[in-house]
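Thanks for coming. I will walk through one chain today, from the overall counts down to single residues. Please have a look at the sequence and the structure first.

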Amino acid sequence: MQPHATESASPGARAPRLSVIVPVYNGGLQLPRCLEALRTSEFTDFEVIVVDDCSTDNTPQIVERFRARYLRTERKIGPGGGRNLGVRDARGDIIAFVDADVVVTPGTLGRIAADFDADPDLVAVFGSYDEEPAWSDFLSQYKNLMHHYVHQMASERASTFWCGCGAMRKDVFLRFGGFDTARYPHPSIEDIDLGFRLFKAGRKLLLDKSIQVKHLKKWTVRGLLRADIAYRAIPWSRLILESRSLPADLNLTLASRVSAALVGLLVLGILALPVVALGWLPWISGAALLAALAVIVLLLFVLNWRVYAWFAARRGWLFTLGAALAHWAYYFYSGTVFVLCAIAHKLRGSPRDPRFSDAAPASVAAQRGQE
């Protein structure tokens, strides 16, 4: 990265076009690759601000080696809080968010700048992971490829935001209060929430499918379930219920919702097999139940054929079979979470989230008071 793009800001220095915010906690293994990729960017009119969320490793030394600007939080505030802090210290009028475990391409920042230059009404843009995850194990390949597929097949006119690699006009970010760290103190759907608020307020967000970055994260079963359920499914279900709006995009398409219902029926049918075999349900035979389960499986393949064929073309049918089972597991626990959240929402009689009643942005002062 050229010196003017990474050195600490000096008084009177010209403001860069982009400010790249990289929140990090103990990123010693991945942060160097992230910053090295930024340093080799073809677009040079930018600064890099690394926000260190109380790391205990050699993160400060890594940042110094790459001559990026360095901020350290006084206490752990999570990546959302770190991004908010970085934005307030940023000098560019466009804020680009890049996760510490993400590697951009030489053309990523230039593509972001070009998108904003081409459309003055555009307030935010984001991309997706690429087709070549850093780790070769099944779970890491499946999770990252599924993310890539969902984003690549979604509408370019987005209704949410993704801060793994996304950018937003600074004035709009501040006007809408940034990431809501009171609701989402941990890595969660703070980016989806902010994007949804922008969308409901009539602002224009773009999913630029040409922006593709590499993800360095190695997924484990425990990490995936925690991320998918605790940090995604539960808060996203609550957001949908409180906003009383269900976008038909990304992984909330009609086919996805029907698939979740079918997987629920499939699980119930499998659980009913021993009961039927014992004759405790005389109104249905074992053969009829097996036939019904076969039909459900067939429907699931038909509804999701496009994604499974896509996986097969890239990783083969053996991988695709495992991906289908993992996909159905995702449908099951995500659908179950939504049903349970809907029941709890109904029992509590929760009112509509006022942030979506009048599309009024949160004040910057209120957001600052959350950190």
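First, the ground rules. This is a predicted model, in which local features need pLDDT of at least 70 and side-chain atom pairs count only at pLDDT 80 or more, while totals for chains, interfaces and linings use all residues. Residues are numbered from 1 along each chain as its sequence is written, and side-chain values use heavy atoms, with hydrogens and water left out.

Now the overview. The chain has 15 helices and eight strands. Both are DSSP runs, numbered from the N terminus: helices are H or I with at least four residues, and strands are E with at least two. There are 371 residues in the chain, and 50% of them are buried. Buried means under 20% relative accessible area, exposed means over 50%, and partly exposed is in between, with a 1.4 Å probe and protein chains only.

The accessible surface of the chain is about 17,000 Å², and carbon and sulfur atoms account for 61% of that. The areas come from the Shrake-Rupley method with a 1.4 Å probe, and for residues only the protein chains shown count as cover.

One more figure for the chain concerns contacts, meaning heavy atoms within 4.5 Å. Take the contacts between residues at least 6 apart in sequence: 79% of them join residues at least 24 apart.

Next, helix packing. Two packed helices are described by the angle between their axes and the distance between the axes. The axes are lines fitted to C-alpha atoms, for helices over the stretch in contact, and the angles run from 0 to 180 degrees between N-to-C directions.

The pair to begin with is helix α8, residues 190–200, and helix α9, residues 221–243, which pack at about 20° with axes 10 Å apart. That makes α8 roughly parallel to α9. On the terms: under 35 degrees counts as roughly parallel, over 145 as roughly antiparallel, 65 to 115 as roughly perpendicular, and the rest as oblique. α8 contributes Asp191, Ile192, Asp193 and Phe196 to the contact, and α9 contributes Arg232, Trp236, Leu239 and Ser243. These residues divide into four nonpolar, one polar and three charged. Here Ala, Val, Leu, Ile, Met, Phe, Trp, Tyr, Cys and Pro count as nonpolar, Asp, Glu, Lys and Arg as charged, and the others, Gly among them, as polar.

The other pair is α10 and helix α11, the latter covering residues 286–303; they pack at about 160°, with their axes 10 Å apart. The two are therefore roughly antiparallel to each other. Residues of α10 in this contact include Ser259, Val263 and Gly269, and those of α11 include Ile296, Leu300 and Leu303. This contact holds 18 nonpolar residues, three polar and no charged.

Two of those α10 residues deserve a slide each. Ser259 lies in α10, which spans residues 254–277. Is Ser259 buried or exposed? Ser259 is buried, at a relative accessible area of 0%. Leaving out residues up to four places away in sequence, Ser259 touches Leu300, Leu303, Asn304 and Tyr331.

Val263 is also in α10, and is buried at 3%.

Moving to the strands, Val50 is found in β2 and is buried, with a relative accessible area of 0%. Among the residues Val50 touches are Val22, Leu35 and Tyr70.

Now a loop residue. Phe161 sits between α6 (138–153) and β7 (165–169), and at 1% relative accessibility counts as buried. Its contacts include Asp191 and Ile192, two residues that we met in the contact of α8 with α9.

Last, the backbone. Which value of phi does Asn26 have? Phi of Asn26 is near 50°, a positive value in a residue other than glycine. Asn26 is in the loop between β1 (18–24) and α2 (31–39), and at 30% it counts as partly exposed. Cys54 also has a positive phi, about 65°, and is not a glycine. Cys54 lies in the loop between β2 (46–52) and α3 (59–65), and at 17% counts as buried.
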